[in-house]
Amino acid sequence: MSTLETVHSGHVVIGVDTHKHIHVAAVLDTIGGILATLTVPTDTGGFKQLLAWADSFGKVLAFGIEGTGSYGATLTSFLRRHGHKVVEAGRPDRRQRRMNGKSDTLDAENAARSVLAGFATVIPKTADSSVEMIRQLKIAHDSAVTDRSAAMISMKAMLVHADDTLRRETNRMTPIKLARHLAALRPRNLETPSDSLRHALRSLARRWQHLDSEAQELRASIEALVNRTAPQLLEQFGIGVDTAAEILIVAGDNPERIHSEAAFAKLAGISPVPTGSGMTSGRHRINHGGHRQLNAAIYRTVIVRMRFHEPTIAYVARRTAEGKSKRDIIRCLKRYVIREVYHLIKVNPRTGEIAS
């Protein structure tokens, strides 16, 4: 009775399941299956250990990493600096997870298999230049805007319980004037609910003013970075700083990783999804996936153009005469805008040339 010898090709793919404090890796030979697994800490020493361990099995074709934009960001950057190809492995298939269970080792194995099978092909963002700076500042800006709105809502809700004089003084005030007026209140000692209400309103008003100032400063910084990175975006009708920032954030510091305008449209959730089957061949539905913030930004651009952009107004009139609904026209315009900006994000602002 003979036994089959395990054959190794010498070419391997590494899958990594990332966490905050540890990373779990699995090495998959192209013909020999899973060879070994390893757990390393999430620091430079652990990354060096992982790299040496991976190289000991042969030529590493690629690393498939879950969460290249979160817990795996530093490992992704480390591997790139050492000349290795990194692919975003994505989440494991839910059906497979229900059948086989879940563990860190299984997730690492699934990441390696998805790269080897060709299911995982997404090149991660480099996150090493001005677009990453815009993303970080925009997170802080959006948080400040949200908290500013919450402070104003609280102020107006509490004013309902104020005395007649204060309600009359603040009636029909703009948010800025209201915050300025309430921040200047001089509450008396805390002896009645009216006193505590004035204390609370002054605190909320000063909070609103601080958040408003913070949001304006962050927006100015974002605008400066957008102008430095892609001024050509701001030259287009209906595209402001916020929309341009969302476009750049989705594209990343390495927009060349997006190989076609169709791929960019899919990233934005603007590409139609085929639903044909049997006798229903050729049917499509709306794409509910993609980056929803970018999708909303492109939608706002389309609405602005439909109201103020003469060529777009003429297009809408022509398509309406052809029997298209407003919803269908908006979908067509969103696809046009995403095609337009796809070529703009690949323009080098220094030379004016489109990157290959």
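**Close-up views of a predicted model**

**View 1. Asp-163 and its partner Arg-198.** Asp-163 has a relative accessible area of 29%, so we call it partly exposed. In this predicted model, its side chain meets that of Arg-198 in a salt bridge, 3.7 Å from N to O. Asp-163 sits in the loop between α5 (130-159) and α6 (164-170) while Arg-198 belongs to helix α8 (residues 193-229), so the contact ties together parts 35 residues apart in sequence. Arg-198 is buried, with a relative accessible area of 17%.

**View 2. Arg-305 meets Glu-340.** Here the closest N and O atoms of the salt bridge are 3.1 Å apart. Arg-305 comes from helix α12 (residues 292-308) and Glu-340 from helix α14 (residues 326-344), so this pair also links parts that are 35 residues apart in sequence. Both ends count as buried: Arg-305 at 6% relative accessibility, Glu-340 at 18%.

**View 3. Glu-322 with Arg-319.** Their side chains form a salt bridge at 3.0 Å, N to O. Glu-322 is partly exposed at 49% relative accessibility, whereas Arg-319 is buried at 18%. Elsewhere, salt bridges with shared partners join Lys-138, Asp-142 and Glu-246 into one network. The whole structure holds 13 salt bridges.

**View 4. Strand β4 and its neighbours.** With 5 of its 7 residues buried, β4 (residues 59-65) is largely enclosed by the rest of the structure. It pairs in the parallel sense with β1 (residues 11-18) over 6 bridges, and Gly-64 is the bridge partner of Gly-15. β4 also pairs in the parallel sense with β5 (residues 86-88), over 3 bridges; there, Ile-65 stands opposite Glu-88.

**View 5. An arginine patch.** Arg-91, Arg-94, Arg-95 and Arg-98 gather in a positively charged surface patch. Arg-95, in helix α3 (residues 94-100), counts as exposed at 58% relative accessibility.

Note on methods
Residues are numbered from 1 along each chain as its sequence is written. This is a predicted model: local features need pLDDT of at least 70, side-chain atom pairs count only at pLDDT 80 or more; totals for chains, interfaces and linings use all residues. Side-chain values use heavy atoms; hydrogens and water are left out. Patches are made of residues with over 30% relative accessible area and no salt bridge: like charges are joined within 9 Å, nonpolar side chains (Val, Leu, Ile, Met, Phe, Trp, Tyr) within 5 Å. Accessible areas come from the Shrake-Rupley method with a 1.4 Å probe; for residues, only the protein chains shown count as cover. A salt bridge is a side-chain nitrogen of Lys or Arg within 4 Å of a carboxyl oxygen of Asp or Glu. Lys and Arg count as positive and Asp and Glu as negative; His and the chain ends are not counted. The place of a charge is taken as NZ of Lys, CZ of Arg, CG of Asp or CD of Glu. Helices (H or I, at least four residues) and strands (E, at least two) are DSSP runs, numbered from the N terminus. Buried means under 20% relative accessible area, exposed over 50%, partly exposed in between (1.4 Å probe, protein chains only). Two strands pair if DSSP finds at least two bridges between them.
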